[in-house]
Amino acid sequence: MNRLAKFYASSIGKKFIAAITGLILFGFVAGHVAGHLKVFTGVDTITDNGVEYAVPHIDQYGQFLKDAGTPVLPAMVGLWIARMVLLGSVILHITVVIQLSLKSAEARPVDYVKSKKRSATWAARYMMFSGSVVLAFIIFHILHLTTGTIRIGDFEHGAVYQNLQNTFRHWYVALGYVIVMGMLAFHLFHGVWSLFQTLGLDSPDRNKAIRLFAMVASIGISIGFALVPLAFLFGLLPEVADYPHHLLGGH
Ligand code: HEM
């Protein structure tokens with residue numbers, strides 16, 4: 001077996017892979033939430049053929065992601081590279097986590113009842129549950145807001161602001177998103193905490209600060225996400241009229 005295969009076969013190797021892929025996914029959600037907050041920063045007024053149009057910042061941000069890497073790379077290639085890294089991370093993360101939990105179930109003695117171990121098992125089970133919900137959410141979410149395959153309200157490619165407004169005016173869509181964000185908060189909190197332990201960065205004098213960081217980051221990210229459906233549901237954001245999409249300036 002070469003060194004990489006040996007590393008992958010060991011429990012510590014798998015934990016390390018779960019931690020690093022988790023870190024990549026954490027970076028993605030942190031970036032994604034920061035991008036979303038652009039729904040609150042308003043519009044640019046752009047004049048085209050003598051007519052003024054309001055072009056939402058979030059729509060321009062969507063176009064910016066499609067153009068990432070241009071002109072060195074053709075449009076969409078940068079985005080597809082990022083998508084492949086994310087998909088690879090999701091697949092690896094889930095694979096090693098399942099392998100680890102099967103291993104620990106095999107090794108578990110039948111008759112332990114110690115409460116510390118029980119609570120560790122509870123957290124691990126809830127990680128599996130919340131992780132599965134987040135995975136199902138991601139699949140639904142891409143079909144809902146990226147491809148527009150699942151339509152709840154009008155959908156137009158590139159019109160990110162209007163798509164969000166059209167779908168989150170339905171209370172059950174907004175509520176569903178907010179509930180999943182609650183589960184995401186738990187998953188991120190426990191994930192970030194475990195990451196510090198796996199990377200050996202925890203220590204009794206730092207643990208309080210690490211827990212605080214994990215809590216602030218996970219709750220902050222989830223609240224940031226949840227604000228978007230809630231703001232649209234309660235009509236706190238202005239309506240934006242249609243505009244010609246060439247104003248987004250894409251390639
Ligand atoms: C309230 C919460 C959320 C809202 C309102 C939201 C909104 C959006 C929108 C509008 C898009 C499409 C952007 C475009 O087409 O330009 C998108 C894409 C995406 N979102 Fe979210 N999102 C939320 C939460 C999440 C969470 C929690 C995750 C992951 C855990 C996630 C993962 C993704 C992914 C993977 C894509 C596809 C990116 C791509 O390949 O283009 N989103 N989201």
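This note goes through the fold, the nonpolar core, the surroundings of the ligand and some local backbone features.

1. Basis of the note. The model is predicted, and for that reason local features are taken only at pLDDT of at least 70 and side-chain atom pairs only at pLDDT 80 or more, whereas totals for chains, interfaces and linings use all residues. Residues are numbered from 1 along each chain as its sequence is written.

2. Overall fold. The chain contains eight helices and two strands, and along the sequence these follow the pattern α-α-β-β-α-α-α-α-α-α; helices (H or I, at least four residues) and strands (E, at least two) are DSSP runs, numbered from the N terminus. The C-alpha trace spans about 75 × 45 × 35 Å along its principal axes. Of the 251 residues, 20% count as buried, where a buried residue has 20 or more other C-beta atoms within 10 Å of its own, an exposed one has 12 or fewer, and a partly exposed one falls in between, with C-beta atoms placed from the backbone. Among contacts between residues at least 6 apart in sequence, 70% join residues at least 24 apart, a contact being a pair of residues whose C-beta atoms, placed from the backbone, lie within 7 Å.

3. The nonpolar core. The largest nonpolar core has 24 residues, and those with the most contacts inside it are Tyr161, Leu164, Met181, Leu184, Ala185 and Leu188. H6, H7 and H8 each supply at least two residues of this core, and H7 gives the most, with 11 residues. Such a core is a set of buried Ala, Val, Leu, Ile, Met, Phe, Trp, Tyr and Cys residues joined through C-beta atoms within 7 Å. Leu188 touches Phe26, Ala217, Ser218 and Ile221, if residues up to four places away in sequence are left out.

4. The ligand. In the shell around the ligand there are 19 residues, of which the closest are Gly62, Leu145, Tyr177, Phe225 and Val228; a residue is counted if its C-beta atom, placed from the backbone, lies within 6 Å of the molecule. Helices H2 (11–36), H5 (115–146), H6 (160–168), H7 (171–198) and H8 (207–233) each supply at least two residues of this shell, with the largest share, six residues, coming from H5. The shell divides into 13 nonpolar, five polar and one charged residue, where Ala, Val, Leu, Ile, Met, Phe, Trp, Tyr, Cys and Pro count as nonpolar, Asp, Glu, Lys and Arg as charged, and the others, Gly among them, as polar.

5. Helix H3. The buried residues of H3 (residues 57–66) are Ile58, Asp59 and Gly62. Seen down the axis of H3, these buried residues fall within an arc of 105°, so they line one face of the helix; the arc is that of the directions from the helix axis to the C-beta atoms. The buried residues of H3 pack against strand E2 (51–56) and H6.

6. Strand E1 (residues 43–48) and E2 pair in the antiparallel sense over six bridges, pairing being assigned if DSSP finds at least two bridges between two strands. Thr47 has Glu52 in E2 as its bridge partner. Two residues lie between the strands, and Asn49 takes a positive phi near 50° in this hairpin. Asn49 is exposed, with 5 other C-beta atoms within 10 Å.

7. The loop between H3 and H4. Pro71 lies in the loop between H3 and helix H4 (77–107), and a cis peptide bond, with omega about 5°, joins Thr70 and Pro71. Met76 lies in the loop between H3 and H4 and has a positive phi near 80°, although Met76 is a residue other than glycine. With 17 C-beta neighbours inside 10 Å, Met76 counts as partly exposed.

Conventions
Contact = placed C-beta atoms within 7 Å.
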